[in-house]
Amino acid sequence: MEHTKKHHSISYSTNLGEITIEGPIPRKELEKYEFHSELTAFRPAPKQFDALLDIAEFPEGRIIIVRTEDTIIGYVTYLHPDPLERWSAFKMQDLIELGAIEIIPSYRGARVASNLLKISMMDEYMENYIVISTEYYWHWDLDGTKLSIWEYRKVMEKMMAAGGLLPAPTDDPEIISHPANCLMVRIGKNVSQKSIEQFDELRFLGRSKYRNMREGL
């Protein structure tokens, strides 16, 4: 599968000045910018920036950034699921994962996250993918936002809906370990029926394994 990428961007004013949301951004372009020191949700900022640079080099990897004139203040990543995750079990070339989305605290509430997702989906080639996001409440910034688990879940669902991702059932043990966790899914209009059926099986691997055991397969 050829992973074609077409750049899109928007700029608009916020209370803190003008920002630009753009991508996918290749590594050479990313290296021109500073990476804000407050982007630490997943690891220290320098290490997270290194991770983004690596993702940008993957054939399917997509980095969409939010920046001021010269500083990255937010981003979203897309790439194939980690080989250790169940979502990579069938090695589906048309399945990519929204791996991380992060914005520095001072810009939250400025429609940045939802616009990141909207820009992500402007590339027509995204219609060739099944896009997933695994949402676990223990990754959410409940302390920083002062929201309850269910308030945060509601905000998260609204944000993901801006990119066309909607909750979908699954029997994944980590997701069903808490009712606030969820699998978010967007199926592009060009995805084949075969891939959709394979993804449905992937969502319910436990059911498939049980059926195979019962049938002696």
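Student: What joins S4 to S5?

Tutor: In this predicted model, a hairpin of 3 residues links S4 to S5. The two strands run antiparallel and are joined by 6 bridges. In one of these pairings, Arg 62 has Tyr 78 of S5 as its bridge partner.

Student: Is S4, residues 62–67, enclosed or open, and why?

Tutor: Strand S4 is largely enclosed by the rest of the structure, because 6 of its 6 residues are buried.

Student: How many bridges join S2 to S4?

Tutor: There are 3 bridges between S2 and S4, and these strands run antiparallel. Thr 20 stands opposite Arg 67 in S4.

Student: And Glu 22, is that buried or exposed?

Tutor: Glu 22, which is found in strand S2, has 9% relative accessibility and therefore counts as buried, the cut-off being under 20%.

Student: Which side chain does Glu 22 make a polar contact with?

Tutor: The side chains of Glu 22 and His 7 are joined by a polar contact of 2.8 Å.

Student: New topic: what is the volume of the second largest pocket?

Tutor: Its volume is about 190 Å³. The lining of this pocket comprises 6 nonpolar, 3 polar and 2 charged residues, among them Phe 58, Trp 87 and Lys 91.

Definitions and conventions
Residues numbered from 1 in each chain as written. Predicted model: local features only at pLDDT ≥ 70, side-chain atom pairs only at ≥ 80, totals over all residues. Heavy atoms only, no water. 1 Å grid on protein atoms, 1.4 Å probe; cavity = no way out; pocket = protein on both sides within 12 Å on 5 of 7 lines; lining within 4 Å. Points joined across faces, edges and corners; volume = space filled by probe spheres on them. Nonpolar A, V, L, I, M, F, W, Y, C, P; charged D, E, K, R; others polar. Helix = DSSP H or I, 4+ residues; strand = E, 2+ residues; numbered from the N terminus. Buried < 20%, exposed > 50% of the residue type's maximum accessible area, 1.4 Å probe, protein only. Polar contact = N/O pair within 3.5 Å; in protein donor to acceptor, adjacent residues only side chain to side chain. Pairing = 2+ DSSP bridges.
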